[in-house]
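I record below what I looked up, in the order in which I looked.

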Amino acid sequence: MNIHGSDAFYPRIFSFQNALMRVFGHFINKTMKKTFITAFVIGLFAFEGHSQLFEIGLRGGLTATSGRTNLPEHSYSSPNGTLTNSKVTAKPDGMGFGYLGGLYARVNVLGFFVQTEASYAHFVLNQKIEDGKVFLGSSQVGAYKSESQSQLSGINVPVLFGKTFALKLVRVYLGPNFLFVTQAKQNLKTTVGSTVTEREEDLTQDTRRELPNRKVESLIIGLEAGVGVQLPKIPLGFDLRYSVPVITGVYANKDITGFMGITTLTVSYRLFKLGL
């Protein structure tokens, strides 16, 4: 006696189970496919929303430079003995205007960006000395005034770290800049009594002995900060920046102190962009 029932019953059970598994498996496969596709699409949009954007473009504009320079007391030999120029301050004498132009590259990720540039830059600094005194020993033997225009050119390479706002249309940033000096000169007009002399000096070399050595650094490192605006739907942007050579200073002679600030106003044109 078969205590488990008829043997013919088992094929019917197995057939029913197989059919049920096929239906269930089809349902599971279909559901999993839909879930996978949905997850893939969501992930794709999420990645796209947080993906990097690399762009390269051109930029150019104007520079405006102003500052003061403190020259230390300085002694030098003359036919009449050792003369000493008093400590003086070369004050700003109006704004000096120059220009710059070059390339930029920017990588955007998660609302932040890193931007580096290579620009040829030309800066102009106008200054004047109004109260220079000359001593022989302890006696004052002369006084002088001077007007100068210093011009400096080089390759400027800033490395900027920033944040974008307002749908990436506004950006703020800060970072170091590296100015590789290619040319520096100073046109100096000096008035002593009724005598006026004019000369040009190469500031990439040691300067004349009557004033402290004003040779400039071959690499000037400073800090730069700014704000930019990107126009919607067209590849144009505008930036306003301010930089100060606070890390190395301008002069190799560290007895020369002072302050110099450079304002730049530029327009940029994006050549192309790539989403990574």
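**Entry 1: charges over rings.** I looked for charged side chains over ring faces in this predicted model. Arg106 lies over the face of Phe113, and its distance from the ring centre is 5.7 Å. I also noted Lys163, which is placed over the face of Phe165 at 4.9 Å from the ring centre.

**Entry 2: ring against ring.** I next asked how many aromatic pairs the structure holds. I found one. I recalled that two such rings are described by the distance of their centres and the angle of their planes. The centres of Phe113 and Tyr173 are 6.2 Å apart and their planes stand at 70°, so I recorded the pair as edge-to-face; the cut-off for that label is over 60 degrees.

I then located the partners along the chain. Phe113 belongs to strand S6 (residues 112–136) and Tyr173 to strand S8 (residues 170–192). The two are 60 residues apart, and the pair thus links distant parts of the chain.

**Entry 3: buried or exposed?** I checked the accessibility of both partners. The limit for buried is under 20%.

**Entry 4: the core.** I turned to the largest nonpolar core, which has 24 residues. Leu152, Val181 and Val216 touch the most other members. Strands S4 (88–92), S6, S7 (139–165) and S8 each supply at least two residues of this core.

Definitions and conventions:
Residues are numbered from 1 along each chain as its sequence is written. This is a predicted model: local features need pLDDT of at least 70, side-chain atom pairs count only at pLDDT 80 or more; totals for chains, interfaces and linings use all residues. Side-chain values use heavy atoms; hydrogens and water are left out. Rings of Phe, Tyr and Trp (its six-membered ring) pair if their centres lie within 6.5 Å; planes under 30 degrees apart count as stacked, over 60 as edge-to-face and the rest as tilted. Helices (H or I, at least four residues) and strands (E, at least two) are DSSP runs, numbered from the N terminus. A charge sits over a ring if NZ of Lys or CZ of Arg is within 6 Å of the ring centre and within 35 degrees of the ring normal. A nonpolar core is a set of buried Ala, Val, Leu, Ile, Met, Phe, Trp, Tyr and Cys residues joined through side-chain atoms within 4.5 Å. Buried means under 20% relative accessible area, exposed over 50%, partly exposed in between (1.4 Å probe, protein chains only).
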